[in-house]
Amino acid sequence: MSKKHEHGFGIDIGGSGIKGAPVDLATGRLAGERVRIPTPQPSTPEAVAATVAEILDDFGWKGSFGCTFPAVVQHGVTRTAANVDDSWVDCDAASVLRKVTGRDTVLVNDADAAGVAEVEFGAAGAKSGVVLLATLGTGIGTAVIAHGRLVPNTELGHVELDGYDAETRAADSARERDGLGWEEWGERLTRYFRHVENLLWPDLIVVGGGVSKKFDKWSPYVSTRTPMVPAKLLNEAGIIGAALLAHR
Ligand code: BGC
């Protein structure tokens, strides 16, 4: 870690945990050990913001920070709430975070933050063209980055497929829920990604989420026209992307 590099701070809000760390903005590496605190229940904006403040205080971080949220975020306002308390819907969440933490913040969708981080510091070949990042976890989060620029809130995990909300069939949680083997899940992913690539025609698909660590196990069963690579930054991508976006 170099003292000369500028640091930012990223927080990643999830349905089960809130994570944060300082980030070296030149290398995209964490500049301190990541802290994780379980998401308070009920996960109201005020309770979550208090946990965010705790993490910032823990590091003695006084400046502004970037923050992810697992739902649509339009100009600081959270529009949906899949795995968190309903009170986030249409909440001016950035203002709540600013008030409770006493620091300025930039709030973004979790997959968008991960996508920005992967393009900047992670997956090979992601620097040019149109990149689709899809995080396969509890849901499916997506980020579309065209020639280095993010198109926020694409929400392609929710396209309708065979009469279902796609993420309820193809997310990693669907694999676990339905007890699917890699091959069976691969078939669902093929169906999903073929649909999305016909709508979007990306140059590269980057797959994130915890299960991207096991890319070698399931990717042989996924057949797409678009080249597909695993994400590199794994569970740090949200923190890194948030810090980067706040800095920008
Ligand atoms: C939400 C997205 C989010 C994704 C991953 C989806 O259910 O709609 O906004 O990015 O889950 O957390």
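The axes of helix 3 and helix 8 (residues 237–247) come within 7 Å of each other and cross at roughly 85°. This is a predicted model, in which local features need pLDDT of at least 70 and side-chain atom pairs count only at pLDDT 80 or more, while totals for chains, interfaces and linings use all residues. Residues are numbered from 1 along each chain as its sequence is written.

**Exercise 1.** Describe how helix 3 and helix 8 are arranged and which residues meet.

*Solution.* Start with the terms: helices are DSSP runs of H or I with at least four residues, strands are runs of E with at least two, and both are numbered from the N terminus. Axes are lines fitted to C-alpha atoms, for helices over the stretch in contact, and angles run from 0 to 180 degrees between N-to-C directions. Angles of 65 to 115 degrees count as roughly perpendicular, under 35 as roughly parallel, over 145 as roughly antiparallel and the rest as oblique. Helix 3 and helix 8 are therefore roughly perpendicular to each other.

**Exercise 2.** Work out how domain 1 and domain 2 are placed and how they touch.

*Solution.* The domain assignment gives domain 1 (7–112) and domain 2 (125–232), with bounds that come from an automatic or database assignment. Their centres, taken over C-alpha atoms, are separated by 24 Å. Nine residues of domain 1 are in contact with 11 residues of domain 2. To the side of domain 1 that touches domain 2, helix 3 (residues 110–121) gives the most, with three residues.

**Exercise 3.** Find which residues are closest to the ligand and which domains supply its shell.

*Solution.* A residue is near a molecule if its C-beta atom, placed from the backbone, lies within 6 Å of it. The ligand is surrounded by 15 residues, the closest being Pro 70, Ala 82, Ala 111, Gly 139 and Gly 141. This shell divides into five nonpolar, seven polar and three charged residues, and it draws at least three residues from each of domain 1 and domain 2.

Terms used: Contact = placed C-beta atoms within 7 Å. Nonpolar A, V, L, I, M, F, W, Y, C, P; charged D, E, K, R; others polar.
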